[in-house]
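Here is a short report on parts of one protein model. Keep the structure open as you read, and find each element in turn.

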Amino acid sequence: MEEEIQGLVEQKLKLNNAKAYKKIISPILNTIMLIIVFCLIAFMLSMMIQQQKVAQHEKSSFLQKQQLKKPLIDTNIYDFITLENGLQVLLIQNNDAIISQVALSVKAGSFQEPANYGGLAHLLEHMLFVGTHTYPDPNYFNNLIYNNGGTNNAYTDNYETNYYFTIQNSALQQGLDVFSHFFIDPVLDQKMVEKEVNAVNNEYEIITSTDEWKIEALLQIISEKSHPFSQFSIGNLNTLLKDEISELLKQFFNQAYSSNLMSLVVESSLPISELKNYIKNFEKIKNNNLVEPSCEDLGNPIQYGTQLIQYRSKSDVKKITITHQLSDVQQQYKTKSIEFINNLIQQKKGIKEYLIQKNLIIDMSSGILFNDHNGCFSVLALEFQVYNLNDYDQIIQTVFSYYYYLIQTLFDDQGDTLVDNDKLRSLYNDYKKTASLKFNFNENIIEDIQEIAHNLNIYGFHDVLSRKYLYEDYDPELIYFYLTDMLDIDNLNVFLGDSQLNHPDVQYDKVNRINYVYLDIPDSVIQKIQTYDEVEQPKFELPSIHKYQPNDLKMKSFCKPYQQNSQEDPYEDLQNEKMLIQRNSEMVFSNVEECLQYEHQYEELYPLPEYLFKSSIGKLWWKLDRSFKTPAIFMGMKIDKINFQFTLKQQVLLKVFQSYTTALIQQHLESAFQNNYNFKFQSSPNHIIFNIYGWNDKFFEFIDDSLKFFTKQQIDQQIYDQTLKSLINQLNEELQSPLYSQIRNNFFQYTLIYGYYEPKQILQELKNINIKDYEQFHSQLFKGTNFQLYLTGNILREEALNLYKSIEKKLFGKPKHLDYNPIYSKILKLSNNYIVPFAAESNENNGATYNYYIFGNRNRKQFAIMNILKGTFDSYAFNYLRTDLQLGYLVSAKFSPLECLDGAGILVQGSAKSPYQVNQHIEDFLQYFYQEIEKMTDFDIEELKKAAIQQLRQKEKTLLEKGLSYWDHISNNDFIFEEKEITIDQIDLLQKEDILSFLNLAFKKSSKVSIQLYGKHMLKGMSIDEFLKHQTPIKSFSDLEEKISDKEKIKVGAMLYQCSFKLGQV
């Protein structure tokens, strides 16, 4: 019984325990169930939201793509996305791009620098290229880019820094990875800081030595000191070579750089989906959620009130520059109001023509000198080359009269208000149409990817391509506002430039390296300037740009119906009526419908220029090219003079002819240039070349109008006089141009090419030329000549033949057959290695060295090797001579032909060492370069070969570029149209031993000349000979036998290379 009771008790206890357990557990289970249900609901809701977001993103992306303004002929695919860290990205799939392009813009620049550290933003730009924690080798990125056929660069502006590189498609992923770490984990260590400060300082010395810099520097000097525009922003040793600079760089990077202020643009032939994977690393860039920098609260920087300042220029050319500060420019980019006004300022029958007629100026130019990208202000500048600086009052009065004329002519007075009239609307629409045509038929809209990245960051996705081009919003009130702003005498600054500055109150700005003095403007002059509306107005006229505006923009067809009465049988020799054949450079079809169906294949079947026609004195080459879908034509023409003498006088007269004819064409055919026609005229000792590019609709009319000025016998005295004065000014400015430009463009040719002369010699001879000399020269110019013509683009065979015959008749009359063995040029054959020193005319602290090595005649193997090495050669020279040795900011190493001979040139400009010693460092570099190539593995060499092949396979991006490419082969007389394809085949055959053998022969056994240009301040008052006596060789310099000489000594007994052709560039 007790057992039963005990059992019942136990069961009861178990039952009670179970009930108690259930009481505890049940609420927990219920809660868990509720949580699970809630989570399921939340998950389902999140999925719905996510799907909605995806749908919204896809819809947004679709709308963005629909709203992106792009050219009519643009076939690129665009995708705009925003990464999770706020970084904007534009991906561009360009199926023709073998080389990829990348640019990143960050809204951080010199306006955000701390006081007393001018150039900090610029230095940071340099530092990001030279090492990150992930890729610490300072040369890693540079070598990666150049070894893969690319380039890199960057710039720093007031509110922006913009970085850029190109690279072959196969290395794009690696390039993007390394590039992203610029902005993720830069090193910014003190050792590299000191080196890059030296590089920035060299850049500072080059920039501040130019006259172009002086106007901007003076504008900064007269600006409000509280405005960042007044701060020095390039950087130099004084502002940057400080112990704390490394820490300041880190602070500036952290406080100014943020992903939400960045825009990235990538262009490649790779699919968009692949590019999206490549940019994922950019999501690691820190988002500091920074506010976009703005100058809205700062006001205009340049102080109001008329300022007259005279400054010492480098050149003997006297210049008057007037500037107007314009505000609220951000809103005008769609209206192009400032550009519209500037176009009117430059036009014929305006300021320039009137002042030339009055003998007050020699030449004039105008443009936007400075444009703050945040839209707070802009500076419009007009520059005049003048005879007398004291004429500034008459010049300004004329300028103000023209502004007043524009207001009176373009606006109607209706009581208390002025309203725009038909003239203004018509003019604006003309410029709008011209701009639209240029945009819609732009074959290479991504030409400047840095600008695209800038546009994306500043103006947004929709206008990223069109911002530069389109006149979209007509705003007459804004045009009127700017014109009245320019008429405000307090918004006028005048700068007088002259190489002579003698005044007791001259000031010297040590940072900007400029001498200047404030001058008082007499009240009488102010009153004279302000009477622009009271004096008799000059007879200005508005421009007319209708004449050369194209109407027919269709691509041409050579399909013609069969004429029954035609004596020519279109099916002659036709084996199969459905088969495409060529006869007389035309494709013939069985009927018009078949022709229309297949004629687009013509360019693929016949990709090279055709030798179409030969007369007694000329040759015609032609290529139908509609592949770019551009209704335009390119024409190249070369006129060879037979038995032309290489005398100084004839060279000068040829320059006068070139400049005078160009001036006539530009003045009388202004409408053509307003409508995007391109005319380039160049001459050398024994020939004249000119290239023309423009719309096919008016092309033949433009050629016909141009040729009249080639043969026009009656001299326009005023334009002729202006031409001579402009040439004299041009040569004077060449004597003061940067040393690297002088040494490469003048002293190099003068030393080695027979028939070239120094600018000083040309300048002196030019002053001795009289109009009778020119008339006699011009009367004989087209006698005893041969010529070649190349026509390509949207032009049919018959049109090309007719144009050729028209040109032959108008230029050469009834030509006689002449045997012609062309001598393109004569090159001095060096018997030794020479040093040829020159003293520059400019007061430079630095010097320039150009070592050129003559390899001799080109062969396919040599040309292929130069294509393989060209990027590596330049990169290693930059790293060794610039980054490691700090010899100068500007270092360049190129395989560059000298007329019919191959060679290599290494250029260095800097102040660290004299050109005499830089020459020796270059020789050391060549030994180093050989050793570095020797260390390379077969895999490394194969990678270089791949990069070279990819570059050679890159197609020309525009009709003009392609036309020039073939025209170079025709005008150079080499006719190797398939040079790229031949070179690619040759590259495949090359081994490492071939490259080493080439380097050994090219630099150790070639003829060498070291052309050395010394700035006056570097010489310290000594002559060249005295200075060189104090120079000692560097310790590591090998025993290379060199002779210090000059051109005249080299010439004595020297043999000559007779060049009958000219090599194309590597």
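## A mixed sheet of six strands

This is a predicted model. Start with an open sheet of 6 strands. Their order is S18-S19-S24-S20-S22-S21, and the pairing is mixed. Strands pair through backbone hydrogen bonds, in either a parallel or an antiparallel way.

Which strands sit at the edges? They are S18 (610–614) and S21 (678–684), and each pairs on one side only. From one strand to the next, the twist averages 15 degrees.

Look at the S18 end. S18 and strand S19 (residues 618–624) run antiparallel and are joined by 4 bridges. Glu-610 stands opposite Trp-622 in S19. Now go to the other end. Helix H19 (residues 648–668) lies across S21 and strand S22 (687–695). H19 runs at about 170 degrees to S21.

## A covered strand with two partners

Move to strand S13 (residues 492–498). How many of its residues are buried? The count is 7 of 7. Both faces are covered. Leu-492, Val-494, Leu-496 and Asp-498 lie on one side. Asn-493, Phe-495 and Gly-497 lie on the other.

S13 pairs with strand S7 (residues 307–312) in the parallel sense, over 6 bridges. In this pair, Leu-308 stands opposite Val-494. S13 also runs antiparallel to strand S8 (residues 319–327), and 6 bridges join them. Here Ile-320 stands opposite Leu-496.

## A sheet of three strands

Next comes an open sheet of 3 strands, in the order S23-S25-S32. The pairing is antiparallel.

Strand S25 (residues 825–829) pairs with S32 over 5 bridges, in the antiparallel sense. Ile-827 stands opposite Tyr-1057 in S32.

## A hairpin

Strands S28 and S29 form a hairpin, with 6 residues between the strands. Glu-899 in this hairpin takes a positive phi near 55 degrees. S28 (residues 890–895) is mostly covered, with 5 of its 6 residues buried.

S28 and S29 (residues 902–910) pair in the antiparallel sense over 6 bridges.

Helix H27 (residues 860–884) packs against helix H32 (residues 992–1004). Their axes are 10 Å apart, at an angle of about 90 degrees. That makes H27 roughly perpendicular to H32.

Which residues meet? From H27 come Lys-861, Gln-862, Ile-865, Met-866, Ile-868, Leu-869 and Phe-873. They meet Asp-994, Ile-995, Phe-998, Leu-999 and Phe-1003 in H32. By class, this contact has 9 nonpolar, 1 polar and 2 charged residues.

## A buried glutamate

Finish with Glu-923, in helix H28 (residues 915–935). Is Glu-923 buried or exposed? Its relative accessible area is 9%. Buried means under 20%, so Glu-923 counts as buried.

What does the side chain of Glu-923 make a polar contact with? The partner is the side chain of Tyr-853, at 2.5 Å.

Key
Residues numbered from 1 in each chain as written. Predicted model: local features only at pLDDT ≥ 70, side-chain atom pairs only at ≥ 80, totals over all residues. Heavy atoms only, no water. Pairing = 2+ DSSP bridges. Helix = DSSP H or I, 4+ residues; strand = E, 2+ residues; numbered from the N terminus. Axes fitted to C-alpha atoms, helices over the stretch in contact; angles between N-to-C directions. Parallel < 35°, antiparallel > 145°, perpendicular 65-115°, else oblique. Contact = heavy atoms within 4.5 Å. Nonpolar A, V, L, I, M, F, W, Y, C, P; charged D, E, K, R; others polar. Buried < 20%, exposed > 50% of the residue type's maximum accessible area, 1.4 Å probe, protein only. Polar contact = N/O pair within 3.5 Å; in protein donor to acceptor, adjacent residues only side chain to side chain.
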